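Visitor: I'd like to go through this one slowly and ask where the labels come from. Could you show it to me?

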Amino acid sequence: MTGTSSTSSPSRTSWPGPLWSGCRVTLGDDSPEPARATNNPEAYDLYLQGRHIWYRRYEVGLEAALAYFQRALEVDPAYALPHTGICDAHCIANFYGVTSPAGGRSKAGPALESALRHGPDLPETQFSLGLFRLLCEQELNGALAAWTRAAELRPGFGAALTWRSVALVTLGRV
């Protein structure tokens, strides 16, 4: 089958035929650029460095990520995203057994509360809420609700979509 370019957007392709009727594939992400939630470029850079390391998810990396998030908060204490990073790092450390469940929860909880106070409508905050609900509270339905909200706030948010999908499969909803 050959694709025909849609006249509405050069990044979309439509296919003719009954099987593909009405099917459109988006080749690029039309989501708006995520909000930084800070005007301080140093805090933003420190957050991004911490998040980059966090995605590697090994013990030393989690500790290094936490250090970057803490430094970002020293520069801008009201910046919500480093709080989400701290929450996520402690949730994952708890999940991997690096910390005790009570220890992970006791550190992730206050960071989550700060993130919710400074940026309740940020997709990252909702994602962190989902991680906390699942990994620290073992509450899958609450986690699903948070990841659904994160995906509504930023439709192209891959981590939220992935964890939401796993939750839906686990709950037998797909």
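Guide: Let's start with the burial labels: a residue is buried under 20% relative accessible area, exposed over 50%, and partly exposed in between (1.4 Å probe, protein chains only). This is a predicted model, where local features need pLDDT of at least 70, side-chain atom pairs count only at pLDDT 80 or more, and totals for chains, interfaces and linings use all residues. Residues are numbered from 1 along each chain as its sequence is written, and side-chain values use heavy atoms, with hydrogens and water left out.

Visitor: Why does Arg57 count as partly exposed?

Guide: Its relative accessibility is 24%, and the label covers values between 20% and 50%, so Arg57 is partly exposed. Arg57 lies in the loop between α1 and α2 (59–75); helices like these are DSSP runs (H or I, at least four residues), numbered from the N terminus.

Visitor: What is the phi of Arg57, and of Gln138?

Guide: Arg57 has a positive phi of about 55°, and Gln138 has a positive one near 50°. Neither is a glycine. Most residues other than glycine have a negative phi.

Visitor: How do you know that the span of helix α5 agrees with its 13 residues?

Guide: The expected span is 1.5 Å times one less than the number of residues. For α5 (residues 123–135) that gives 18 Å, and the end C-alpha atoms are 18 Å apart, so the two agree.

Visitor: Why call α5 mostly covered?

Guide: Eleven of its 13 residues are buried, among them Phe127, Leu131 and Leu135.

Definitions and conventions: Helices (H or I, at least four residues) and strands (E, at least two) are DSSP runs, numbered from the N terminus.
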